[in-house]
Amino acid sequence: MSAYLMSYFTGEKFEDGEQIYFALSDDGFHWKDLNDGQPALISKEGRKGLRDPFMMKSPIDGKFYIIATDLRIWSSKNWKEAVEKGSTKMAVFSSDDLIHWSEMRLFDIAPDGAGCLWAPKAVYDETRDAVMVVFTSFVKDDKHPNGKHRIYRAFTKDFVNFTEAELYYERSNDVIDMAIIQDQGIYYRFYKDEITKHILVDCSKMLDGEFLLVPNETLDQMDHLEGPALYWHTQQSKWCLLVDQFIGGKGYLPMVINTFEQPFRLLDANEYDFGETLKRHGSVINISDHEKLSLLK
């Protein structure tokens, strides 16, 4: 696995910004837009928008999957309506080769009473031999009559059949955008706390275990970041974290870390190049030389 493929959307400032785009990189830091910088996957159903795409290769069937938020702010400009009465459906695409993608399917997997389903991501759960899909939903209940964003989850083996959604994680106030990776037998969760406005990190040996906060000096000093995305940098044997600078529409900011006991190191501006299009809240996977050449063709 010597190259990298990114899926992303570019924002709600123009008509096609909330669709799925692809970019390719040889070194994990300098990116080339694919498809001439035009969206590669377009939604014509539901809310007719695709935000927050997450891509993975399933260990169960070997297929590639993209899951995304069914939302298009460009056509409505109404965030309150999107939170409380937006789509509760998740968009799903599948592919055997990263070139030919299935038709989009929409699955309503949010919990009862949810106002939205945002930023779905997934991780393989070895104990269940299933993929755990986590997402943010805004739900009102007796304790929180005005509603609160929480992290929910559902399990699947084929991205067609899903278990009933259940609460996975909540804090005293809203929490959004959870991403989970496994490193040397430890699961690390990255998410945004809406009180501190920081990206927080916690860890556990099991997805259902007790998670302990992992202090990180870099992230603790940065606010107004969302959509954490992590990928393994094969050439440098370290993790790369992308965070969405949504304030001001600045797009991704990259940083790297050797071990999670250390602070992240922000990359200097001359160390990376995200290409021609603004890149926001997506995901990156490692791909082979053969897959890279196929994508370039």
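Start by selecting D193, which sits in strand 13 (residues 186-193). A strand here is a DSSP run of E with at least two residues, while a helix is a run of H or I with at least four; both are numbered from the N terminus. What you have open is a predicted model, where local features need pLDDT of at least 70, side-chain atom pairs count only at pLDDT 80 or more, and totals for chains, interfaces and linings use all residues. Residues are numbered from 1 along each chain as its sequence is written, and side-chain values use heavy atoms, with hydrogens and water left out.

**Stop 1: around D193**

Is D193 buried or exposed? D193 is buried, because its relative accessible area is 2%. Buried means under 20% relative accessible area, exposed means over 50%, and partly exposed is in between (1.4 Å probe, protein chains only). Now show the contacts of D193, meaning heavy atoms within 4.5 Å. Not counting residues up to four places away in sequence, D193 touches R171, D174, H198 and L200.

Next, colour the open sheet of four strands with the order 12-13-14-15 and antiparallel pairing. Its edge strands are strand 12 (175-183) and strand 15 (212-213), each pairing on one side only. Two strands count as paired if DSSP finds at least two bridges between them. Strand 14 (residues 198-204) and strand 15 run antiparallel and are joined by two bridges. Select C203 and you will find its bridge partner, L212, in strand 15.

**Stop 2**

Zoom in on strand 10 (residues 148-156), which pairs with strand 11 in the antiparallel sense over three bridges. Opposite R153 you will see E166 in strand 11.

**Stop 3: the largest nonpolar core**

A nonpolar core is a set of buried Ala, Val, Leu, Ile, Met, Phe, Trp, Tyr and Cys residues joined through side-chain atoms within 4.5 Å. Which members of the 21-residue largest core touch the most other members? Select I67, M90, V133, F159 and F162 to see them. Strand 4 (50-57), strand 5 (64-70), strand 6 (89-95), strand 9 (130-139) and strand 10 each give two or more residues to this core. Strand 9 supplies the largest share, four residues. Click on M90: among the residues it touches are I67, L106, F107, V133 and F162.

**Stop 4**

Go to Q19, in the loop between strand 1 (3-9) and strand 2 (21-25). Q19 is buried because its relative accessible area is 3%. A polar atom of the Q19 side chain lies 3.2 Å from the backbone oxygen of K48. Contacts of Q19 include Y8, P39, G49 and R72.

Finally, follow strand 1 to strand 20, its antiparallel partner over six bridges. There, S7 has S283 as its bridge partner. Strand 20 (residues 280-287) is largely enclosed by the rest of the structure, because seven of its eight residues are buried.

Technical notes: Polar contact = N/O pair within 3.5 Å; in protein donor to acceptor, adjacent residues only side chain to side chain.
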